[in-house]
Amino acid sequence: MRNAVTIFCILLLQGLIYSSPALPAELMLSTEEKQWLADHPIIRLSPDPAFAPIEEVTDNGEYVGMAADYMELIEKKINFKFTVVTYPTWKQVVKETRAGKVDVLAAITQSVQRREFLNFTTPHIRLPGMIIVSDRTPGTVSIDDLKSMRVASPAGYVWFDLIGYDHPEIKLLEAATLRQGLHDLSFGLLDAVVADPATVTQIIKEDGLGNLRIGGETGYFFDLAFAARKDWPILHGILQKSVQSITEQEHRSIFDRWIQFSAGTGVSKNTIIGLVVGLALVILLALTFMFVNRLLRIRVARQTQELNKVNERLSQMNVDLEERVQKRTMDLEKAMLKLKKSQAKMVQSEKMAALGQMIAGIAHEINTPLGYAHSNVMVLKDFVARVRFLDDIIDSWKKVRSDESSSKEVVTVLFREVDHAINALNEEGLIAECEELAVDTLYGLDQISEITCNLKAISRLNQAKIAEVNLNDNIQRTLKLAKNLLKDNIDVDLSLGEIPLIKCNPSKINQVLLNLITNACHAITMSGKSQGKLSIETSYDGGRVHVSVRDNGIGIPKSVGKKMFDPFYTTKEVGQGTGLGLSICYNIIVKEHKGKIRVKTREGVGTRFMISLRTDVAGSPAIDADDLQQDRADTG
Amino acid sequence: MSREALLIVDDESRVLRSLKAIFRSGYQVHTTTNCLEALQFLKNEKINTIISDQRMPEMRGVDLLHQARQISPNTMRLLLTGYSDADSTQDAINEGEVYRYITKPWGQDEIRSVVADAMKISQNLFKVDHAPSYDAATCIEAVDKTGLLVLDKRVAISEVIKNLFRESCEVHYAQTIEDAARVFVRHPIKVVIVNVPPGNGDYPSFLKLVKSQYPLMVTVAIMAESDSDAIISLINQGQIYRYVPVTVPAGRTRICIQSAINYAHHLGMHPELAERHRVEEDDAPQTISAVNRGRIIESMSMLKRRLLSMRTAAQSNRVQLSD
């Protein structure tokens, strides 16, 4: 079918040669005209550089085409040589003409706008505006169909004026050149191109755009005429005379030359029709082969282009992805770092929470002895003030002793004073009381110092010191601090066996014990049992030291399972626990001391935690004091 | 004249000895480490003042004092604690209705003067000897509607209270302290309910000021969990009658307010009980402006006079009825 289109175009063009009435071949220029031409030796002619076969500028800079031939014919008739100036695009040619840099045009269509700066001759070539589509668009395409299509025309072509004037609803796009427009159409970037069949055929043939076809006619024609710059009417007159002097024979000759050239045969117009059938077969074969070949090439080219595009997109996506992955990774790393820090902080705050509860109790434990010790000292102070008069007695006594000649009166006074003092002190039972108060005070102070010692021992949470300790001591210390929790209704049953010293981080082990005892007390309180029981046992099996902490509290539901060791898992009410207690225990025992922690529990009956620590492994602190210091420095 | 009796209860005998050393010379001192024994003392002896530790094996101090209140209402109740948590302070108000909340370690002068005051008040209570035991839970049929002031920035609580008590009370709102002063001028208010917003220092000061001006006023604080020191100061310097945490169910709030209304009625019949609610001086930094303080003091004195004349009229009515 493609070859048919080509042939159709060729045939169409034959009918398009402007048939003007036969005029005398002789051209008679007036004297004035001759004089004018003599005065203007340089008249600039600028062709459309890419309007084959009408006119074009070849790669060698040669001006060729039908219009070029007409121009040559006229030059002969008027005995004048036009100066050809070229510009890269037709649009620029028009622009330069408007600017007065071009004086004459050999093949240009009239339009209202152009008439402002040009005078037109009678047309010599007529071209219909055809709608070129690709084979994706089926059927006949009318000008109304263009409304919904992406349709383009070469920039600066007359179709913009013609179609734009009557059909403003059609959005005619500008193609840089006709060739570019047709290529875009072929690749599906456009739906239609409006152009004349002569130039389209040329390009389709040259570039092998096998998927294009003529979809329909716009109904507009485009007559090509000579034009001269408006301020030179005399030149227009000369050109008009020249056009009118072109004979039928001359027209035919030019047509034949270009159309035969197009068809690639040397046959004349008269033989073309006769040869159509035979030629058609040859051309059919040739073009079919060419077409298939080109079609394949186009398809491959198109697919390659698409593949390239996809490839490009993929590689862009790849780059994007890499960037995104990098960013994500960075974000994740940041988040991880933050999490680590806040985990360390939470661990610290859990220590503080456990300790905080202890402190509540410890405050009570300290304030009570502090209360009475302070009060007792005040009483003793008062007492001392009250017995200050004993000084006077002593003075009197010394005087009596040293001076044997003391008067009887002095001695009597002394006796009376002594009597009085003895009575006073005896009556009030002060001495005994003061002694008791002093003893109590000392006891109270001892209690306070014991508490603070234990506190110091247990609260060395940041000190990652490894020491050899007997866990029984740790248990007793911790119990003393937990005394406040245990006080009311919990019996403590201690069964501490003979166990060897183990190497560990005692303050961390203390924390585990404190957590377990605290949990046990809470479990008992939650169970609502009137009598709680906390049993702590230690034993040694030759390789490991075992500590068991058992309560008869509420127990842990089965659903909780291993989650109890997860950080932040808590069954306590908000504010009662951070959910880190057991996870800290787990970390300390399992990760840092390579020990074991096991749990046996039954809901409503109680819970038993068992810790086993090997005697031959020392703990290795995972989070040491430096980390925490660092954290505080960061937050501060 | 026999000496006033002081009963000291603590599970640490050294505390008992220490306090006895202070008070032995001034009062007849009974000490025990056992709460049940303490209750026996209260039943068998005239005890003017009881000092109790909070944490003890048999029961909490507030529970002991709660029972003491029923056994011997004329006995002044002091709580002595080594550590105060929110629970114990709340219960000290609502259960123990304690006169003073003393923290360990105590200051010798402080505890002496507190006990001396308590002894004086108690002696008067015993002397009048007609202060009947009352049960806050039983509703006393009031002749007139009780004047109730609700100080509340948000009107929500006021509405609830109005709906609950519209039968027995005339409920007045105030959104600011100035409003409250205006209400005091116009209406015979006997109960003040303050919805204390978290972190607002004005309202606790207001409660303390009202009580210091008119000890017969029954005050209720509805407030968020607060630090125990703030609550302790509401006891010692504000003698608030009930402390209602905002989180408690409405039912309990209703009971608290009802018992405040009943107690206001009781105080109205026995104004001599006012002494029991003598307050310490407010030592917190004053956040209420001097102008507003002046307004409150002035309006309270007008209210006092009005309530006094109402009381006198009611008494003469009773006298006439009994004739």
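Which residue of chain A does the side chain of Ser18(B) meet in a polar contact? In this predicted model, the side chains of Ser18(B) and Ser375(A) are joined by a polar contact of 3.3 Å. Ser18(B) belongs to helix α1 of chain B, and with a relative accessibility of 0%, a value under the 20% limit, Ser18(B) counts as buried. Apart from neighbours within four places in sequence, the residues in contact with Ser18(B) are Tyr372(A), Ser375(A), Asn376(A) and Leu437(A), together with Trp106(B) from its own chain.

The interface to which this contact belongs brings 20 residues of chain B into contact with 24 residues of chain A, and the area buried between the two chains is about 2000 Å², with carbon and sulfur atoms giving 51% of that area. Nine residue pairs in polar contact, both members at pLDDT 80 or more, are found across the interface of chain B and chain A. Helices α1 (13-23) and α5 (108-128) of chain B each supply at least two residues of the side of chain B that touches chain A, and α1(B) gives the most, with seven residues. By class, this side of chain B consists of seven nonpolar, three polar and 10 charged residues.

Five salt bridges are found across the interface of chain B and chain A. One of the salt bridges in the model pairs Arg14(B) with Asp440(A), with 3.8 Å between the closest N and O atoms. Within chain B, Asp10(B) and Lys104(B) form a salt bridge in which the closest N and O atoms are 3.1 Å apart; Asp10(B) lies in the loop between β1 (5-9) and α1, and Lys104(B) in the loop between β5 (100-103) and α5, so that the pair ties together parts 94 residues apart in sequence. Both Asp10(B) and Lys104(B) are buried. Through salt bridges that share partners, Glu436(A), Asp440(A), Glu12(B), Arg14(B) and Arg17(B) are joined into one network.

Over all chains, the count comes to 32 salt bridges. Among them, Glu33(A) and Lys241(A) meet at 2.8 Å, N to O; Glu33(A) is in helix α2 (residues 31-39) and Lys241(A) in helix α9 (residues 233-245) of chain A, so this pair ties together parts that are 208 residues apart in sequence. Glu33(A) is buried, with a relative accessible area of 9%, whereas Lys241(A), at 29%, is partly exposed. A further salt bridge joins Glu592(A) to Lys508(A), the closest N and O atoms being 3.2 Å apart, and links helix α17 (residues 581-592) with helix α16 (residues 506-527) of chain A, the two residues being 84 residues apart. Glu592(A) counts as buried at 5% relative accessibility, and Lys508(A) likewise counts as buried at 5%.

Conventions: Residues numbered from 1 in each chain as written. Chains lettered and ligands numbered in written order. Predicted model: local features only at pLDDT ≥ 70, side-chain atom pairs only at ≥ 80, totals over all residues. Heavy atoms only, no water. Contact = heavy atoms within 4.5 Å. Buried area = accessible area lost by both parts, 1.4 Å probe. Salt bridge = Lys/Arg side-chain N within 4 Å of Asp/Glu carboxyl O. Polar contact = N/O pair within 3.5 Å; in protein donor to acceptor, adjacent residues only side chain to side chain. Helix = DSSP H or I, 4+ residues; strand = E, 2+ residues; numbered from the N terminus. Nonpolar A, V, L, I, M, F, W, Y, C, P; charged D, E, K, R; others polar. Buried < 20%, exposed > 50% of the residue type's maximum accessible area, 1.4 Å probe, protein only.
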